[in-house]
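Hi,

Here is the structure I promised to pass on.

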Amino acid sequence: MQPTPRLWLPGLVACGFIGVAAQGPGDRPEAAMAYEAPSVEASSEAMGPPYADAREAELRGDVRVTAFQRAYGALIDSTSIQRNDLVFHLADHAIYFQDGRMLAEERLDRRDRCDSIFYHYPLDMPTEPEPLPDEPVRLCTDVQEVLWGRTETQIRRNARSATFIGRRIFVNDVVADALVDVERDLRDAASREPAVAAWIDDVHVAYSFIDRGIAGTRTRSQHSWGLAVDFVPASYEGRQVYWRWTRAWNRSGWHQVPLEDRWSPPAGVIEIFEHHGFLWGGKWAHYDTVHFEYRPEILEYNRLLAAAEQ
């Protein structure tokens with residue numbers, strides 16, 4: 001397996017450069033995303049043994065395939081082997097693995113324009129700024145469009161208004177369900193950790209669903225599906241929070257701003273969000289410290305890699 005490059009984030013969230021069209025989703029269950037692998041049904045094209053068996057074993061043993069199955073098992077109808085590739089059947093659509101690119105069947109011609117959606121995400125709290133990658137990583141959004149829709153009407157069918165730590169937000173159904181567990185654990189932690197309680201009280205604005213592109217690109221951000229939530233505090237305490245704002249006055253050294261000079265939620269808050277499938281934008285090289293987004297497959301991928309190294 002080729003090593004996955006570090007993610008370049010040209011905006012608020014990790015969506016990449018290329019937005020890929022797909023058909024709208026069918027009705028999906030409001031399933032709890034509990035890292036449970038789905039039951040797998042395999043069908044294979046006539047590739048001929050032993051090559052076919054070896055290829056299928058290689059694909060099914062890929063850590064990225066395992067991570068995706070554990071993260072979205074409740075939404076995967078089945079898997080199969082087609083065109084010498086593993087296919088996830090989601091919402092009456094086929095998503096081809098394509099070495100981690102996760103492309104819809106009707107968009108396989110975009111293979112050369114997309115990179116693997118799986119990338120390095122630090123599991124521990126960083127002690128120094130994440131180094132910048134050598135070049136941008138281009139991520140396609142076929143999975144989001146197949147599962148949650150392409151148009152605002154389709155997306156809204158898979159989202160709802162929710163209350164989180166006393167703030168009203170409009171989010172994707174799976175995010176709303178996950179936030180119930182996040183809030184439960186935050187409230188419990190707040191009873192023991194003053195820093196967590198202070199963060200809850202200090203959240204001034206919380207917002208999620210905004211149909212927009214990533215700054216500087218034509219790709220829709222994860223906010224467009226209600227899969228990301230920004231928690232803006234009453235004050236940034238004079239510290240840096242978003243890489244583009246820092247770059248406006250520190251053109252060449254913005255990425256080297258020390259972590260202590262960046263605003264951050266308490267580590268306990270970040271750990272709870274990550275436990276329930278959310279990435280924190282403060283760990284990205286192109287940092288966004290108020291930003292959390294629901295990407296359990298990325299967390300599971302990095303956890304599996306870490307476990308394999310032990």
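Strands β1 and β2 (residues 85–90) pair with each other in the antiparallel sense, over five bridges. One of the pairs to look for is S80, whose bridge partner in β2 is V87. The two strands make a hairpin with two residues between them, and R83 in that turn has a positive phi of about 55 degrees. Four of the five residues of β1 (residues 78–82) are buried, so the strand is largely enclosed by the rest of the structure. Bear in mind that this is a predicted model.

Next, the sheet. Four strands form an open sheet in the order β7-β8-β10-β9, with antiparallel pairing. β7 (203–207) and β9 (278–280) sit at the edges with a single partner strand each, so one side of each has no neighbour in the sheet. From one strand to the next, the twist averages 20 degrees. Three bridges join β9 to β10 (residues 291–294), and W280 stands opposite F292 in β10. Helix α5 (residues 173–190) packs on this sheet, touching β8 (228–233), β9 and β10, and its direction makes about 75 degrees with that of β9.

Finally, a helix pair. The axes of α2 (residues 63–72) and α9 (residues 296–309) come within 8 Å and cross at roughly 130 degrees, which makes α2 oblique to α9. Their crossing is right-handed. Among the residues that meet there are F68 and Y72 in α2, and Y301 and L304 in α9. The residues of this contact divide into nine nonpolar, one polar and four charged.

Cheers

Definitions and conventions: Residues are numbered from 1 along each chain as its sequence is written. This is a predicted model: local features need pLDDT of at least 70, side-chain atom pairs count only at pLDDT 80 or more; totals for chains, interfaces and linings use all residues. Side-chain values use heavy atoms; hydrogens and water are left out. Buried means under 20% relative accessible area, exposed over 50%, partly exposed in between (1.4 Å probe, protein chains only). Two strands pair if DSSP finds at least two bridges between them. Axes are lines fitted to C-alpha atoms, for helices over the stretch in contact, and angles run from 0 to 180 degrees between N-to-C directions. Angles under 35 degrees count as roughly parallel, over 145 as roughly antiparallel, 65 to 115 as roughly perpendicular and the rest as oblique. A crossing is left-handed if the near helix is turned anticlockwise from the far one by less than a right angle, and right-handed if clockwise. Contact means heavy atoms within 4.5 Å. Ala, Val, Leu, Ile, Met, Phe, Trp, Tyr, Cys and Pro count as nonpolar, Asp, Glu, Lys and Arg as charged, and the others, Gly among them, as polar.
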